[in-house]
Amino acid sequence: MKALSLYQDRGTVVHRVDSRSKLLYILSAILIPAVLPGFMPGLAMLALSILILATGKVFGKVLPLVGFSLLILASIVLIQGLFYSGNKQLLFSLWRFGFYREGLLFSGGICLRVMNILCAVSILVLTTRPSDLIESLVRLGLSPHLGYVLSSVLQIIPQMTATMETITDAQRSRGMETEGTLLVRMKAFLPLIGPVVMNSLVSTRERSLALEVRAFSARSKKTFLNPPQGGTANTVIPLVLLLAMAAAIVWRVMQ
Amino acid sequence: MKKITVSGLKYRYPLTEELALKGLSFEIEKGEFIGIIGQNLSGKSTLCQALMGLVPHFYKGGYGGSVWVDGLEVGKAEIHEIAQKVGLVFQNPFTQVSGSKMTVFEELAFGLENLGVAREDMAPRIEHAMELLGIGRFRDRNPFDLSGGQMQRMAIASVIAMEPEIIVLDEPTSQLDPQGAEDVFQAIEALSRRGMTVIMAEHKIEKIARYSDRVLLLHQGEMVAFDTPQQVFSRDDLERYGVVPPVFAQVCKGMGIRNPATGLYPMTLDEACDQVVNWHE
């Protein structure tokens, strides 16, 4: 089934680490390079993230994400290199435009930060089943109702897309033109979106009835089918990450 | 033992003028298989939802009379309390999938998690429900990857896992292909044989005639008859209520063959066959 998720089921050791540790890792990957000065901490963190992604056999899946963000990053380098307010030392000129050292360093820092966040989040997104992630958030205190909304959206949106396709085919078989000029497409939009909206309203009502039948609004404390992911790794990793973050902050304050 | 007691049940949907249920009163015994028939808009679905408490709690609207289910007054209890006594299955299998679970096994656990059932009690209950409905081999599949019939059996199983004593089915096979419908009927029959009280609204009249202990005929929100299938389908005024008797009864009626013991028309293939053979001899 098409699912709205980037999760890759590779069954590696990274996949077995619980989502709480991965969430904490994202936090540290953002916090530690931000607290410590210089490029080195950021580079080290990025290297660590890439190592983890490679261990999880999902490094290949990060590349398109990186490729997508490169466009934005390139524009940052361009603009900051040319127009950063602290620009003093001319590094090189291209045609009539001068690139300055300060601006390029500044934009380099931003790029490093973005890549860091991207890779750290990718670890979570690519190696954690969405339902596990949401379940652990609910365990941590997220409202079960909100948790349900988040997890059902991932499966129900592809279902709605499928309904949309069925309705498109049905309308087309009755002779409606759905392809062609902009005007033709715009004309086709209303007869398509009407049934889709009606259909989803009806199924939303039916689904909420079905959820009620399964005690969705029960106020007693929820239990979970899957046991919480335990094990030494899942206590050690959060501990190490918390200590690392604390150490970075303490070191910075002492400076 | 009376499992369900309905007395003077009246209900009006919000923003409507006419009553959807106009003072129904009846009783259902433990372990009975009850068929609810009637044309569209006769109140079948409303009655099914009234047994579960969705009427009036989900829709609000005007409510009168009382429904007692296993010692619980539906009008005053909350839906999640009633859900532990009554399970309700709807027409459309797709909209009954919670959508938040990745496998059939987890999907069946959804209701149990909501009720706060202890983890160690979940697996045996889910296994038992899957076995009853014959969906054990799909346990690791994504719920949306099942066929309509399989999905509907999963919907029944996920209600059964909550261990209700009564199961109400609102046209459970109307959106299924013949094979899927047959599988669902057999699963329901198996539940009935195990002593579960089954209440089923359905248009497939032959099935109702074959499985039901008693049939409740509704017309425009009123109860016209509540009796054995033989009695109900031998009525001469069925056409007025938009109900067509089972094909076997129609044939025997045309040939003037009645069961000599009861004076009623046969309802099922076997019964009709016996009577036709007797009639010839």
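With which residue does A:Glu135 form a salt bridge? In this predicted model, the partner is A:Arg139, and the closest N and O atoms of the pair are 2.8 Å apart. The two residues are four places apart in helix α6 of chain A, which spans residues 130–139, and they are therefore separated by about one helical turn. In general, an α-helix has 3.6 residues a turn, so residues three or four places apart point the same way. The two partners fall into separate accessibility classes: A:Glu135 has a relative accessible area of 13% and is buried because this value is under 20%, whereas A:Arg139, at 32%, counts as partly exposed. Over all chains, the whole structure holds 27 salt bridges.

Four salt bridges are found between chain B and chain A. One of these pairs is A:Arg214 with B:Glu107, for which the closest N and O atoms lie 2.9 Å apart. A:Arg214 is placed in the loop between α8 (182–213) and α9 (233–254) of chain A, while B:Glu107 belongs to helix α4 of chain B, so the pair joins two chains. Both partners are buried, since the relative accessibility of A:Arg214 is 4% and that of B:Glu107 is 1%.

A further pair crosses between the chains, from A:Lys222 in the loop between α8 and α9 of chain A to B:Glu113 in helix α4 of chain B. The side chains of A:Lys222 and B:Glu113 meet in a salt bridge with an N to O distance of 3.9 Å. Here A:Lys222 is partly exposed, with a relative accessible area of 22%, and B:Glu113 is buried, with a relative accessible area of 1%. Elsewhere, salt bridges that share partners join B:Lys3, B:Asp70, B:Lys85 and B:Glu165 into one network.

The contact between the two chains involves 43 residues of chain B and 35 residues of chain A. Together the chains bury about 3,400 Å², of which 55% is on carbon and sulfur atoms. Of the area that chain B buries against chain A, B:Thr95, B:Asn114 and B:Arg119 supply 19%, more than any other three residues. Polar contacts between chain B and chain A amount to 19 residue pairs, counted where both residues have a pLDDT of 80 or more. On the side of chain B that touches chain A, the elements giving two or more residues are α1 (44–52), α3 (79–82), α4 (104–115), α5 (119–133) and α6 (148–160). The largest share, 11 residues, comes from α4(B). By class, this side of chain B has 23 nonpolar, 13 polar and seven charged residues.

Just after α4(B), B:Gly116 takes a positive phi of about 80°.

The largest nonpolar core has 98 residues, among which B:Ile156, B:Ile167 and B:Phe233 touch the most other members. When its neighbours within four places in sequence are set aside, B:Ile167 is in contact with B:Gly87, B:Val89, B:Ile156, B:Val159, B:Ile160, B:Leu191, B:Met196, B:Thr197, B:Val198 and B:Ile199.

A:Asn234 lies in helix α9 of chain A and is buried, with a relative accessible area of 6%. A polar atom of the A:Asn234 side chain lies 3.0 Å from the backbone nitrogen of A:Asp18. Residues up to four places away in sequence not being counted, A:Asn234 touches A:Arg16, A:Val17, A:Asp18, A:Arg20, A:Ser21 and A:Gln229.

Definitions and conventions:
Residues are numbered from 1 along each chain as its sequence is written. Chains are lettered from A and ligands numbered from 1 in the order in which they are written. This is a predicted model: local features need pLDDT of at least 70, side-chain atom pairs count only at pLDDT 80 or more; totals for chains, interfaces and linings use all residues. Side-chain values use heavy atoms; hydrogens and water are left out. A nonpolar core is a set of buried Ala, Val, Leu, Ile, Met, Phe, Trp, Tyr and Cys residues joined through side-chain atoms within 4.5 Å. Buried means under 20% relative accessible area, exposed over 50%, partly exposed in between (1.4 Å probe, protein chains only). Contact means heavy atoms within 4.5 Å. Buried area is the accessible area (1.4 Å probe) that two parts lose on being put together, summed over both. A polar contact is a pair of N or O atoms within 3.5 Å; within protein, one must be able to donate a hydrogen and the other to accept it, and residues adjacent in sequence count only if both atoms are side-chain atoms. Ala, Val, Leu, Ile, Met, Phe, Trp, Tyr, Cys and Pro count as nonpolar, Asp, Glu, Lys and Arg as charged, and the others, Gly among them, as polar.
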